[in-house]
Amino acid sequence: MSISIAYVGCGYMAQRVHLPNICDLSDRCHLAAIAETRPHLREQVCNSFTVSKRYAHHSEIAEDDSIDAVAISGHFAMQGEIAADMLRAGKHVFVEKPLGISAAQCEAIIAAEQASRKTLMVGYMKRYDAGNHLLRKTLRDWRASGDYGLPTFMRNHGFCGTWDAAVDRPFITSEEAPPEIPTALPFPSWLPESHHGSYLDYIQQYTHNVNLMRWLLDADDDWEVLHTHLDDHGCGGVALLRIGGIRASLESGSLAYHAWDEHTQIYFEGGWLKTDAPPLLLRNVSATVEYYDGREGHRGSGSLIPDNSWTWSYREEMRAFLDMIEHGTKPESSASDTLQDMRMLEAIYRDHCRRIGVEVTA
Ligand SMILES: NC(=O)c1ccc[n+]([C@@H]2O[C@H](COP(=O)([O-])OP(=O)(O)OC[C@H]3O[C@@H](n4cnc5c(N)ncnc54)[C@H](O)[C@@H]3O)[C@@H](O)[C@H]2O)c1
C-alpha cells in the first residue's frame, strides 16, 4: 500500500530536497497534499509537483483522514509546534531540524509524541549518509577488537562554505509574507535577549555537528561540556566536550569556501579515522572515509568506500521515514534523541555567556 504523505511549508528545503525525494520514492509513497500559507507560492509549487489537494494552513491536514503521514519544513522555532499538532491529529511526522530552540520546548513536543502513539523523526540527514555509516561501523570494529588501542580524541570541524552545490532544479520564490510568528519565541529562559540572535545562529548550524558526534560515539546522554571559547559574535570558536567518555572538540567558524568545509576525525592510540562531508545538496555523493594505521609493521593509510556510496543522505533519510511508518522501525534521528543535542547546545552557550561575563538567570 502506498503511503499517503502531506507536506507542510513549500519553501527552500521542500522544493530543493524533500518534495523531489518523496516523488522519487513513488514505489512506496505518494505526495497527496501540500499545506502552505502563501497562496501564490502554494499554487505554483502544487502545479509544479502536480498536487491537487492544496491547504492554506497545516491545521487543515488534521481533518483529512486519507493522510497517513506529514513532512514539515517551516520556521525553525515553529516547525516543532506544527509537528506536535500533526501528532495530535494521529499522523506520523517527519520534521526538519531543529525540533525546537530550547530543551523545554523540545520536551513539550516529545510529550505530544508520547501521548499520540505515533512517531516523530527529525531531519538529521548526516545519520543516513553511507560514508558516515561506514565510519561508525569501522569505529565500532576498532573499539571492539582493541587492535588500535584506545580511542583518545574526537575532532569535529565545521566552517561551512557552499552547501547548495549549484543545484539546477527549478526553484519558485515568493514575495508574499510568511505566516506571523509569536513575538516571544520559546528561547531558554536563562538566555538574555541580547544573545538570542547569536544563539540561534550557533544552534541552527551546530545542532548537526553535535548530533553526528554523539551518534558516531554511541554516546546517547553521556556527554559533558568542559569549556567553551567563542568569539565576540558568539558563533566561531571551540567547544571542548567529553562525549561517550572521550575528549572531543567542536570547531565552529566560517570560510569563503567553494565546497563544504566539514570533517570529523577520531584518534586512537594506533591510528585514526576521518570523514569529510560533501556539500549538502550534492546528490548521490556520500561522505568520504579515510584511515591511518600507525601500528608497527602495519603503517599505511587509505580510503574506505561504502558499498552504497552513490546515495544521497537526504534521500536515505526519507526512505528511513517510510521504513518507520511501514515497519515501525525506530529512526536513527528520533525526537527523543535530539533532546540531548538541544541540552548540549544550551550547555555550550551557557558556558559561553558565563565566560564573557553575561549574566544568565538560573
Ligand atoms: N537539514 C538541513 O540540512 C537543513 C538545511 C537548511 C534548512 N533546514 C531547516 O529547514 C527549515 C525550513 O527552511 P526553509 O529554508 O525551507 O524555509 P522557508 O522559509 O523557505 O520555507 C518555509 C515555508 O513554510 C511555510 N509555512 C510556515 N508555517 C506554515 C504553516 N503553519 N502552514 C503552512 N505553511 C507554513 C512558509 O510560508 C514558508 O513558505 C528550517 O527550520 C531550517 O532549520 C535544514
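Helices (H or I, at least four residues) and strands (E, at least two) are DSSP runs, numbered from the N terminus. The structure is a predicted model, in which local features need pLDDT of at least 70, side-chain atom pairs count only at pLDDT 80 or more, and totals for chains, interfaces and linings use all residues. Residues are numbered from 1 along each chain as its sequence is written.

View 1. P98 sits in the loop that joins strand 5 (92-96) to helix 4 (103-116). Most peptide bonds are trans.

**View 2. Positive phi at T50.** T50 is not a glycine, yet its phi is about 45 degrees. The loop holding T50 runs between helix 2 (39-48) and strand 3 (53-55). T50 counts as exposed because it has 8 C-beta neighbours inside 10 Å (exposed: 12 or fewer other C-beta atoms within 10 Å, with C-beta atoms placed from the backbone).

**View 3. Positive phi at R117.** In R117, phi is near 65 degrees. This residue belongs to the loop between helix 4 and strand 6 (120-123). R117 is exposed, since 8 other C-beta atoms lie within 10 Å.

**View 4. The shell around the ligand.** Of the 28 residues around the ligand (C-beta atom, placed from the backbone, within 6 Å), G9, G11, Y12, M13 and F76 come nearest. Helix 1 (12-24) and helix 3 (79-88) are the elements that give two or more residues to this shell. Helix 1 gives the most, with three residues.

Note on methods: Buried ≥ 20, exposed ≤ 12 C-beta atoms within 10 Å, placed from the backbone.
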